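Subject: Model handover

Hi,

Here is the structure you asked for. My notes follow below it.

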Amino acid sequence: MSAAEWVVETEGLTRRFDGFVAVDHLTLRVPRGSIFGFLGPNGSGKSTTIRMLCGLLKPSEGRAVVNGFDIERHPEPLRQSLGYMSQRFSLYPDLTVRENLEFYGGVYDLEPGPLAERIEQVFDQLRLREHGNDLTAALPLGWKQRVALGAAMLHQPPVLFLDEPTSGVDPASRRMFWEILDSLAVGGASIFVTTHVMDEAERCDLLGVMYGGHLIAQGTPAALKEAFPGFLYHVDAAPLLEALEAARRLPFVADAAMFGDALHVTLPADDPERLRRELESAGVTVRDLRRISPTLEDVFVQLIALRERAAEGAEGGGR
Amino acid sequence: MAERLHPLSGFLRRVRAIARKEAIHLLREPRTVLVSFAQPVMLLILYGYCITFDLHNIPFAVWDQDRSEAARQLVRPLSAGAQSHTFWLVGYIAHPREIEPLLATARARFVLVIPRGFGADVAAGRTATVQALFDAADSNTAGVSAGYLVGAIAAHNARLATYAVARRHGAHVGAPAPAPSLAGGDTKLQWEPIDLRWRVFYNPDLASRRFIIPGLIGMLLTILAATLTSTTIARERELGSLETILTSPVGAGDLVIGKMAPYVLVAAANVVMVLVVGGLMFGTWARGNLLTLASLSLLFLLGMLALGMLISARAPNQQQALLFAILATMLPTFFLTGFTFPRSNMPWILQAISWPLPATQYLIAIRGVFLKGIGWRILWPQGLWMAITTLVLLIMATRIMRVSLARGLE
Ligand SMILES: Nc1ncnc2c1ncn2[C@@H]1O[C@H](COP(=O)(O)OP(=O)(O)OP(=O)(O)O)[C@@H](O)[C@H]1O
Ligand SMILES: [Mg+2]
């Protein structure tokens with residue numbers, strides 16, 4: 001396929017920190033014009049990957065091409081074509097919202113006239129105008145994150161890397177944030193975004209799941225749910241904790257996890273009656289047991305659980 | 001995407017954005033600027049009023065073991081009542097036991113010991129020795145007193161020599177010439193055959209305060225400029241903004257120039273303030289052309305700001321940056337450039353090392369303008385050297401910055 005179709009393309013991308021492998025031979029392709037959701041538990045290497053793709057960290061091994069530019073060989077054109085919002089808030093707290101945007105506009109070579117117009121556009125789009133002349137330090141987190149997004153998108157980059165842009169943000173701001181991302185993607189931008197929130201993952205065109213520096217799953221939200229191995233049951237039982245423990249002890253249960261005030265139990269075969277029998281014989285009252293289709297959260301939790309069990313097994317076998 | 005016109009206009013826009021942002025930081029956090037103004041004022045007061053490099057009425061005692069006319073002739077010009085008020089004879093002692101309490105209580109800064117046989121040696125034309133015991137607790141005062149004393153004795157030697165020469169030629173000279181003034185009065189010494197070098201070292205024809213103001217400007221610019229810019233990159237790193245800047249097209253040159261720009265104004269304002277406050281407090285105004293002063297200062301200033309940027313590019317955090325900037329500027333300025341210790345008194349190796357320091361050249365230049373009123377016609381070598389060092393420092397700062405930026409967050 002031609003490079004134009006992939007906005008991010010990595011091959012064996014690896015990053016080590018003093019022997020510790022944070023990103024391990026990552027091979028990834030992100031189609032242009034999509035919202036790519038990068039998932040994974042804490043420390044799985046999401047930020048490290050993004051930092052390499054933005055030219056902030058040198059890969060220890062492998063290569064990556066972003067927007068057609070090799071990250072190591074063509075760092076300069078790469079910089080013009082990306083907008084980056086780091087996981088840590090990094091605007092100047094002692095500057096007003098407008099001054100922050102003016103700074104980033106100037107730094108990206110925008111001329112004063114077009115820059116002023118562009119700032120007005122961004123103010124409208126992110127609904128920042130009413131706080132435009134406030135010091136950034138004084139804003140609530142949701143607003144700060146919107147300003148940071150504004151700074152990253154000011155020069156209309158074809159690629160946006162957003163590292164947990166909505167962490168700590170209230171649901172209303174979060175929703176607005178995603179509406180903006182949708183409109184940017186409709187406008188042709190490619191968005192590479194990390195999140196821990198499954199509602200947000202649901203809104204992505206494509207997902208990649210990281211674990212221990214590896215990409216362990218990839219696909220559209222629908223495809224990932226489709227690929228869910230086994231059969232998932234919603235179990236309403238009492239007492240809940242005992243039910244969870246009993247389910248986990250059963251040899252034919254692939255996975256069991258707490259989900260709100262119920263359990264989600266995965267079986268390799270569609271045999272709910274056996275599950276009900278075994279749970280009741282363990283002294284648990286089963287009030288409701290029905291098959292459900294998996295949510296992304298189920299998919300994610302199971303993917304991680306399988307990996308963790310595999311890792312534990314490998315450790316145990318080694319002993 | 002952004003329209004791009006000319007590479008230079010892009011550079012200027014980025015520099016302008018950085019300089020503007022940096023200026024806003026300074027305005028919103030005026031403490032940095034205020035401290036930068038408070039320090040020189042404190043230094044001015046300290047140096048102007050408390051520490052004088054001139055000494056008057058240095059108390060001393062004499063232990064005259066010889067009790068000869070020659071000994072009295074040596075002491076007479078030193079004691080108060082003579083034209084000079086440099087020394088003040090507190091009294092004669094008769095026993096070595098008295099020396100220590102005198103020095104310990106600072107009733108005397110030194111004790112002059114004239115050994116038995118001094119008069120006979122002088123009369124016979126042999127080298128006569130005198131000994132001076134100093135209280136060196138205040139080493140600065142001791143050093144200056146020693147310098148004056150060496151000078152006074154040299155003057156005395158000169159009189160003796162002239163007297164001897166005159167006598168050998170058969171002329172009748174009734175008595176040694178009167179004691180020359182130690183603080184000036186060079187007319188009386190014009191015919192003296194012996195070169196009184198000490199007068200150059202301690203610059204007795206100048207009041208120290210006059211001498212101090214230009215030196216203070218030099219020291220200020222060096223330390224102030226370098227420390228102001230030295231923490232700037234570490235601050236961005238600690239704030240997290242460096243990470244965002246690193247993903248933008250900002251280059252090393254943009255950062256170096258843009259970040260230096262507002263500090264040029266701060267440092268220039270400092271120079272003006274020292275000139276004005278120094279003038280008002282001590283009545284010492286620059287003799288030379290202010291434009292010459294400004295242009296030489298600017299050349300030097302840019303170099304020191306660049307030095308700060310260079311340190312900034314390498315320093316892992318703000319504290320280390322500051323510490324390093326102070327060490328790199330304060331120590332050499334203080335000890336090598338001639339601010340406190342005259343360069344001509346230094347061992348040749350230190351003179352050689354200190355010559356190329358821009359601060360050394362700046363001090364020469366600014367003292368020339370300030371005290372002697374000389375201009376570019378004479379000071380061009382200093383100006384040229386500062387231009388060269390400033391350029392080199394700017395290039396080095398940009399290079400090192402480029403390497404640091406290319407390393408990203410590592
Ligand atoms: N500069 C560094 N030096 C050493 N180790 C690092 C460095 N940066 C990251 N790591 C380690 O690499 C691993 C991956 O970190 P990374 O920040 O990429 O995870 P993440 O997926 O973004 O996690 P989170 O969801 O918490 O943001 C972690 O174990 C982290 O401690
Ligand atoms: Mg992260």
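Helix 3 of chain A passes helix 4 of chain A in a right-handed crossing. (A crossing is right-handed if the near helix is turned clockwise from the far one by less than a right angle, and left-handed if anticlockwise. Helices are DSSP runs of H or I with at least four residues, strands are E runs of at least two, and both are numbered from the N terminus.) Helix 3 covers residues 97-107 of chain A and helix 4 covers residues 112-125; their axes come within 10 Å and cross at roughly 130 degrees. That makes helix 3 of chain A oblique to helix 4 of chain A. (Axes are lines fitted to C-alpha atoms, for helices over the stretch in contact, with angles from 0 to 180 degrees between N-to-C directions. Under 35 degrees counts as roughly parallel, over 145 as roughly antiparallel, 65 to 115 as roughly perpendicular, and the rest as oblique.)

The loop between these two helices of chain A holds A:D109. A:D109 is not a glycine, yet its phi is positive, about 70 degrees.

This is a predicted model: local features need pLDDT of at least 70, side-chain atom pairs count only at pLDDT 80 or more, and totals for chains, interfaces and linings use all residues. Residues are numbered from 1 along each chain as its sequence is written, chains are lettered from A and ligands numbered from 1 in the order written, and side-chain values use heavy atoms, leaving out hydrogens and water.

Now the ligand. The shell around ligand 1 has 14 residues (a heavy atom within 4 Å), and A:G43, A:K46, A:S47, A:T48 and A:Q87 are the closest. It divides into 4 nonpolar, 8 polar and 2 charged residues. (Ala, Val, Leu, Ile, Met, Phe, Trp, Tyr, Cys and Pro count as nonpolar, Asp, Glu, Lys and Arg as charged, the others, Gly among them, as polar.) Helix 1 of chain A gives the most, 3 residues.

- a backbone N or O atom of A:G43, at 2.8 Å
- a side-chain N or O atom of A:S47, at 2.7 Å

Best wishes

How values were computed. A polar contact is a pair of N or O atoms within 3.5 Å; within protein, one must be able to donate a hydrogen and the other to accept it, and residues adjacent in sequence count only if both atoms are side-chain atoms.
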